[in-house]
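Please look through the sequence and the three-dimensional model shown here, and keep both at hand while reading the report that follows.

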Amino acid sequence: MASHLTSNPSPTEMPTPVHDIVDVQTTNCCIVGGGPAGAVLALLLARQGIPVMLLEAHKDFDRDFRGDTIHPSVMEIMEELGLADRLLQLPHAKMRQISIKTPEASVTLADFSHLHTRFPYITMLPQARFLEFITAEAQKYPNFQLIMGANVQELIEEDGVIRGVRYRGHGGWHEIRAILTVGADGRHSRLRQSANFESIQTSPPMDVLWFRLPKKPDDLEGGIGRIGRGHIVAMLDRGEQWQIAYVISKGGYQEIRAAGLEALRKSVVDVVPELQDRVEYLQDWSQIAFLSVESSRLKRWYRPGLLLIGDAAHIMSPVGGVGINYAIQDAVVAANVLSKPLKQGRVELSHLAKVQRQRELPTRVIQAFQSLVQQRIFARVLNSNQLLQLPAWLRLPWLRDFPLRLVAYGLFPAHVKT
């Protein structure tokens, strides 16, 4: 059958093209994007008996260079769902401290052992394994459906209300009709673009080279930030590997690429001398992911019939590694607020506004903190060949408590209520 055009398009809307539709399905909630926010929201709704479809553009979850940090806030959510102990049976590493070092000083930025929780650490777990775990749990509920390889191309809009999506895959065009569509499709969200949401830039841009090097048994554990002359290297403990983030000035990638791998290896060793015996593992640029870093948030996260969460609503800087955790907390709040309306078959704008209202302040606060770190530390290092003098407040444990809790939990953590 053929799909119809968008009803009564406004002057700024382009008419939706007509496609030959293979099939049309209906559900209460259609979630676009099988990342942490989308997968957790789908599980939470499925547990409530709500029909939910999760659409993921890729055919599997195995994509490299995704964030692997699960903070105490998310582990407590997993415990509320009765899943924490089983999740920790998967191969993982525990990061109990984050420290920063310069050639002249070393300071512990965060010691998670001070937190009053069963999970006083950051769990380093490959995101693909986490997503497989969550979606496998969701598949225990007959009202949940996961469609991999579903490349969502269009929103279905009728009379100013989003009624679902059209996606390509599995032999053609398909249509999903839903009471509510949730965009959880990440920082390059197609739904955000299609719906013309307006965003606000929240921190100065930078770029990151992201790669892995072997970790030796006698290496230090935890997260380590190293600052040298004009360079910053962050190291995240992944058990048998270090996940390395080499921070560079915005737009500096081509210059680094032109200088060659040997120059990059030397620069890394200049900042982290103990990697001298393993930087040779970097033999090809294909081992290195280039991440263009930005931070922004939407002025408004919703339209009638449509809600954006996670990176689709607020793109986080990598500072603190909090993106996954804030996205999952978005999902928890969305499930808490929307489960009853979805069961009743009617989601009002006031419900969607309530989700944003509960999550916007925590998002603003962490983005302000990230921006402060980037301006006061990162920018000063990257734009100078002078050694950075660490701010005095970093040496005061009582002043470090707020950043510790902000990274571990957020301004106020979300909890499962449904």
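## Salt bridges and what they join

A salt bridge is a side-chain nitrogen of Lys or Arg within 4 Å of a carboxyl oxygen of Asp or Glu. The model discussed here is predicted, and local features need pLDDT of at least 70, while side-chain atom pairs count only at pLDDT 80 or more and totals for chains, interfaces and linings use all residues. Residues are numbered from 1 along each chain as its sequence is written, and side-chain values use heavy atoms, with hydrogens and water left out.

The structure holds 26 salt bridges. In one of them, Arg 226 pairs with Glu 274, and their closest N and O atoms are 2.3 Å apart. Arg 226 belongs to strand S14 (residues 223-227), whereas Glu 274 sits in the loop between helix H7 (261-271) and strand S17 (289-293), so this pair ties together parts that are 48 residues apart in sequence. Helices (H or I, at least four residues) and strands (E, at least two) are DSSP runs, numbered from the N terminus. Arg 226 is buried at a relative accessible area of 8%, and Glu 274 is partly exposed at 38%, where buried means under 20% relative accessible area, exposed means over 50%, and partly exposed lies in between, for a 1.4 Å probe and protein chains only.

## Two further pairs and a network

A second pair is formed by Asp 207 and Lys 250, with 2.9 Å between the closest N and O atoms. This pair also links distant parts of the chain, since Asp 207 is in strand S13 (residues 206-214) and Lys 250 is in the loop between strand S16 (241-248) and helix H6 (253-259), 43 residues apart. Asp 207 is buried, with a relative accessible area of 2%, and Lys 250 is partly exposed, with a value of 39%.

The side chains of Glu 137 and Lys 140 meet in another salt bridge, at 3.0 Å from N to O. Here Glu 137 is buried, with a relative accessible area of 11%, while Lys 140 is exposed, with 53%. Salt bridges that share partners also join Glu 154, Glu 158, Arg 166, Glu 175 and Arg 177 into one network.

How many of the nine residues of helix H2 are buried? Helix H2 covers residues 72-80, and seven of its nine residues are buried, so this helix is largely enclosed by the rest of the structure. The buried residues in H2 are Pro 72, Ser 73, Val 74, Met 75, Glu 76, Ile 77 and Met 78. Just after H2, Gly 82 takes a positive phi of about 75°.

Helix H8 (residues 323-344) has 22 residues, and at 1.5 Å a residue it should span 32 Å, which agrees with its end C-alpha atoms being 32 Å apart; the expected span is 1.5 Å times one less than the number of residues. H8 is mostly covered, with 18 of its 22 residues buried. H8 also bends by about 50° at Leu 338, and a proline, Pro 341, follows within four residues; the bend is the angle between axes fitted to the seven residues ending at a residue and the seven starting there. Just after H8, Gly 345 has a positive phi of about 80°.

In helix H1 (residues 36-47) lies Ala 46, which is buried at 1% relative accessibility. Between Ala 46 and Cys 29 there are 10.0 Å from C-alpha to C-alpha, and the two are 17 residues apart in sequence.

Most residues other than glycine have a negative phi. Asp 159, however, has a positive phi of about 55° although it is not a glycine. Asp 159 lies in the loop between strand S9 (151-158) and strand S10 (161-168), and at 54% relative accessibility it counts as exposed.

His 170 likewise has a positive phi, near 55°, in a residue other than glycine. His 170 is found in the loop between S10 and strand S11 (173-183), and it counts as exposed, at 54% relative accessibility.

## A cavity

On a 1 Å grid over the protein atoms alone, a cavity is a set of points where a 1.4 Å probe fits but cannot get out, and lining residues have an atom within 4 Å of a point. The count comes to one cavity of 30 Å³ or more. The residues that line the largest cavity are Gly 67, Asp 68, Ile 70, Leu 125, Gln 127, Phe 130 and Ile 324.

Conventions: 1 Å grid on protein atoms, 1.4 Å probe; cavity = no way out; pocket = protein on both sides within 12 Å on 5 of 7 lines; lining within 4 Å. Points joined across faces, edges and corners; volume = space filled by probe spheres on them.
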